[in-house]
Every structure is written in C-alpha cells, then in structure tokens.
Amino acid sequence: MLGPVILAASRSDRMRRLISAAPVTKQVVDRFIPGETVDEILPIVRELTDNGLELTMDVVGEDITMPEQAEAARDAYLELIDRLKPLELGPRAEMSVKLSMFGQALPGGHELALANVRPVVEAAAEIGTTVTLDAEDHTTLDSMFAIHEELRKDFPGTGCVIQAYLFRTEEDARRLAAAGSRVRLVKGAYKEPAEVAYQQKHEIDKAYVRILRTLMEGEGYPMIGSHDPRLIAIAQELARTAGRKLDEYEFQMLYGIRGDEHVRLAAEGHRMRVYTAYGTDWYGYFMRRLAEKPANLRFFARSMITKG
C-alpha cells in the first residue's frame, strides 16, 4: 500500500525539499490549496458561497516546536475570522483547527493548546459561526476530546472529528451522538499501527458505515467527510431511515476533489461544506491528500511527467 509510504514521506525533510523544488509542484498544490494568504482565499470563499456551498477553513501547518509558533497559528485564525466578519456568512463559513498547531505536542501542551484555541472559538462565536477540532494521530485523541468537552461548556456548537479506522471510534461515536453535538466522520489519514486501527480498506469502510449509523440514529449533527460515491449513497439512505431532514446533517469534501459532486449535492438541497485549506506551510497537508486517495497520487505523478 502506497499510503503509509507517502505518510512517511510527509515527515521527511529530504522529500519536502525534493517535492517543493519540482517545477510542477505549485500547479498541483494549487488544486488542493487555493491560496497562501487571507487576501488570496477570500475570493474563493465568495465563489463557493455564491454557488450555494459552505466552507470549513483550515490554516495549514503542523510542525510546531515553539510556543511562539502556536501563538502565530492562533493569530492567523483570528485574522481570518476578522476578515470574514464583513461577509456576514455566519455558520456557512466555519473553522477547522488542528490542536498540534496550537502547541499540543509541546511541554504543557494540553493546557497550552486549550489556552490558544479558546480565543479562536470565542471569536468565531462572535461572528455567528463555529470551530471543529480535527483529529490527528491516536496518541493525541484523549487530549483533543478533553479540550472539546471543555470548550463545549461555553460553546456547545464546537465540533470534533472521529476516524473510522481506529478501533476506539465506535465507542467514541456512541458517546458523542448526543443532542447538540457536531461530529465529522472521516476514514482517517494518519499512519496507525495494527494494534489500534484497521489496515484494510474493506474493514475501514464497514466500520465507517457502522459508526455513521450510530451518528444518524443519535441526537447530534453528523458531518459526513467522504468522497466515496458508495458511502455518500449509504449516508443518504441512513439519513432517510433515521427520519432526518436535509438540514439535520451535512456532507463535507475537500477543495479540489470532486467539485462537480459538491455542486450536485448542494443543488439537491443537501448542506455541502467544502474543506478549504490555505497557507504557506502546505507540505504535510498536501502529502496526506495524496495518501488518502490513489487518484490524487496519479494526478500528481501524471503532472510531474507531463509538466516537469
């Protein structure tokens, strides 16, 4: 399987230099990351919302080694929220944050990440929107869920992400499928050992459906993070079986992948939210997009051959 190899490359400084230097890289990266600055991303926000789509916005970057970098990540989100305010989009444009960017892996990281992310959640609430805490590798999840629970005391709309490939997730889903919760379900994109995660695609897909059924039958708000046509169709059927209206769940897909499907689902009346990343520290995000879906890797390789 190429996925684990690509994920390992995402942590390699040598591969970072090699891929960053390739002439075609910027062209391909732009497919997934449409800007480096707030000024560049705001026209994308307007374009997507004008087409009936919603967004969750991610300022990319994860390799935080100093508290000052975590504070800079916080400030980048605060700038984004300040610039979104005049657009009056409310919940149509929310934020996605990785707690690693807010200092979670540093000494005293749990408290540091909570202290840094809270102002972002507060600022988002002031413009009528929310924040979702992205899941990372399994060693960080207890901290992430504890921060999620703490934030929801004052900001109950704060969402979180769960990953179908982890054995623990079915139990997490049962706990989280409560009134007022917002839960995004994804397959998972980190290299995890066989002791904690399913390794085969068919096992992950079956777990995804089981967990999604739990969320649909619960009292929370499920967010279906998938580009898989079969899983999207299953999600629609589970929603109908559970008696959910179209505004009682939503689909989420990455910017740059299956854009025609984004528009189709929105035209059918579904809430369709596009995960839109921007920033200069794009390498780790980009490599995980390649690892998640073989078609992404083929697209990159073909571009390297034809344009490099």
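Predicted model: local features only at pLDDT ≥ 70, side-chain atom pairs only at ≥ 80, totals over all residues.
User: What makes up the protein in terms of helices and strands, and how many residues count as buried?

Analyst: The protein has 13 helices and eight strands. Of its 308 residues, 53% count as buried. Among its contacts with a separation of 6 or more, 73% join residues 24 or more positions apart.

User: In what order do the eight strands close into a barrel, and in which sense do they pair?

Analyst: The order is β1-β2-β3-β4-β5-β6-β7-β8, and the pairing is parallel. From one strand to the next, the twist averages 30°.

User: How do you know that β2 and β3 pair?

Analyst: Two strands count as paired if at least two bridges are found between them. Strand β2 (residues 93-97) and strand β3 (residues 131-133) have three bridges, in the parallel sense. Met95, for instance, has Val131 in β3 as its bridge partner.

User: Over how many bridges do β6 and β7 pair?

Analyst: Strand β6 (residues 221-225) and β7 pair over three bridges, again in the parallel sense. Gly225 stands opposite Gln252 in β7.

User: Why is β7 described as mostly covered?

Analyst: A residue is buried when its relative accessible area is under 20%. In β7, five of the five residues are buried, so the strand is called mostly covered. The covering applies to both faces: Glu250, Gln252 and Leu254 are buried on one side, and Phe251 and Met253 are buried on the other.

User: Why is Arg258 called partly exposed?

Analyst: Its relative accessible area is 25%. Buried requires a value under 20%, and exposed requires one over 50%. The value for Arg258 lies in between, so Arg258 is partly exposed.

User: Where does Arg258 lie, and which residues does Arg258 touch?

Analyst: Arg258 lies in the loop between β7 (250-254) and α11 (259-267). Not counting residues up to four places away in sequence, Arg258 touches His227, Asp228, Pro229 and Ile232. Asp228 is 30 residues from Arg258 along the chain, and their C-alpha atoms are separated by 9.8 Å.

User: What makes α9 and α10 parallel or antiparallel in their packing?

Analyst: Two packed helices are described by the angle between their axes and the distance between the axes. Helix α9 (residues 201-217) and helix α10 (residues 229-241) pack at an angle of about 25°, and their axes are 10 Å apart. Angles under 35 degrees count as roughly parallel, so α9 is roughly parallel to α10. Their crossing is right-handed.

User: Which residues of α9 and α10 meet?

Analyst: Asp205, Tyr208, Val209, Leu212, Arg213 and Met216 in α9 meet Arg230, Leu231, Ile234, Ala235, Leu238 and Ala239 in α10. By class, this contact has nine nonpolar, no polar and three charged residues.

User: Which residues make the contact of α6 with α7?

Analyst: From α6 come His110, Ala113, Leu114, Val117, Arg118 and Val121, and from α7 come Ser143, Ala146, Ile147, Glu150, Leu151 and Asp154. These residues divide into seven nonpolar, two polar and three charged.

Note on methods
Residues numbered from 1 in each chain as written. Heavy atoms only, no water. Axes fitted to C-alpha atoms, helices over the stretch in contact; angles between N-to-C directions. Helix = DSSP H or I, 4+ residues; strand = E, 2+ residues; numbered from the N terminus. Parallel < 35°, antiparallel > 145°, perpendicular 65-115°, else oblique. Left-handed = near helix turned anticlockwise from the far one by under 90°. Contact = heavy atoms within 4.5 Å. Nonpolar A, V, L, I, M, F, W, Y, C, P; charged D, E, K, R; others polar. Buried < 20%, exposed > 50% of the residue type's maximum accessible area, 1.4 Å probe, protein only.
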